[in-house]
Amino acid sequence: MNVTTQHMTGFAVGVATTAVVLYAYKQNQDKVDDFLRRQGIQVPERGMPDPARMTLEELVAEKERLEDIIAERELGTQQETPA
């Protein structure tokens, strides 16, 4: 089977369409992800969650997690420093 100009045109159109759709998705990622979650589709959270949108329980859990990390690092620096 030979590769024709129709194959190349189809490939180029597919790549261009994919790039446009990906760009549009990235510009509206929060809206699209929220819509998908409302439809029951599990979309993983990206990066740090927006603290303004977190519940009080989620904020307290995040605060405790950060305090634990800070305590571990402080303990690590104290152990590295010779007494």
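Analyst: This is a predicted model.

User: What percentage of the residues count as buried?

Analyst: Of the 83 residues, 6% count as buried. The radius of gyration is 24 Å, whereas a compact globule of 83 residues would have a value near 12 Å. Along the principal axes, the C-alpha atoms fill a box of roughly 75 × 40 × 20 Å.

User: How many helices and strands does the protein have?

Analyst: There are three helices and zero strands, and the order from the N terminus is α-α-α.

User: How should I approach the charges?

Analyst: The general idea is that side chains of opposite charge can pair when their charged atoms come close. The salt bridges number three.

User: Which residues are linked in a network of salt bridges?

Analyst: The network links Asp34, Arg37 and Arg53. Between Asp34 and Arg37, the closest N and O atoms are 3.5 Å apart. These two residues are separated by about one helical turn, because they lie three residues apart in helix α2 (residues 29-38). Arg53 and Asp34 form a salt bridge as well, at 2.9 Å from N to O. This pair links distant parts of the chain, 19 residues apart: Asp34 belongs to helix α2, and Arg53 to the loop between α2 and α3.

User: Are Asp34, Arg37 and Arg53 buried, partly exposed or exposed?

Analyst: Asp34 has a relative accessible area of 23% and is therefore partly exposed. Arg37, at 29%, is partly exposed. Arg53 has 55% relative accessibility, so this residue counts as exposed.

User: Which residue forms a salt bridge with Arg65?

Analyst: The partner of Arg65 is Glu62, with 2.6 Å between the closest N and O atoms. Both residues are in helix α3, and their spacing of three residues means a separation of about one helical turn. Arg65 counts as partly exposed, at 38% relative accessibility.

User: Which residues form the negative surface patch?

Analyst: Glu64, Glu67, Asp68 and Glu72 form the patch. A patch residue must have over 30% relative accessible area and no salt bridge. Glu67, found in helix α3 (residues 56-80), has 42% relative accessibility and so counts as partly exposed.

Terms used
Residues are numbered from 1 along each chain as its sequence is written. This is a predicted model: local features need pLDDT of at least 70, side-chain atom pairs count only at pLDDT 80 or more; totals for chains, interfaces and linings use all residues. Side-chain values use heavy atoms; hydrogens and water are left out. Patches are made of residues with over 30% relative accessible area and no salt bridge: like charges are joined within 9 Å, nonpolar side chains (Val, Leu, Ile, Met, Phe, Trp, Tyr) within 5 Å. Accessible areas come from the Shrake-Rupley method with a 1.4 Å probe; for residues, only the protein chains shown count as cover. A salt bridge is a side-chain nitrogen of Lys or Arg within 4 Å of a carboxyl oxygen of Asp or Glu. Lys and Arg count as positive and Asp and Glu as negative; His and the chain ends are not counted. The place of a charge is taken as NZ of Lys, CZ of Arg, CG of Asp or CD of Glu. Helices (H or I, at least four residues) and strands (E, at least two) are DSSP runs, numbered from the N terminus. Buried means under 20% relative accessible area, exposed over 50%, partly exposed in between (1.4 Å probe, protein chains only). The radius of gyration is taken over C-alpha atoms; the globule rule is 2.2 Å times the number of residues to the power 0.38.
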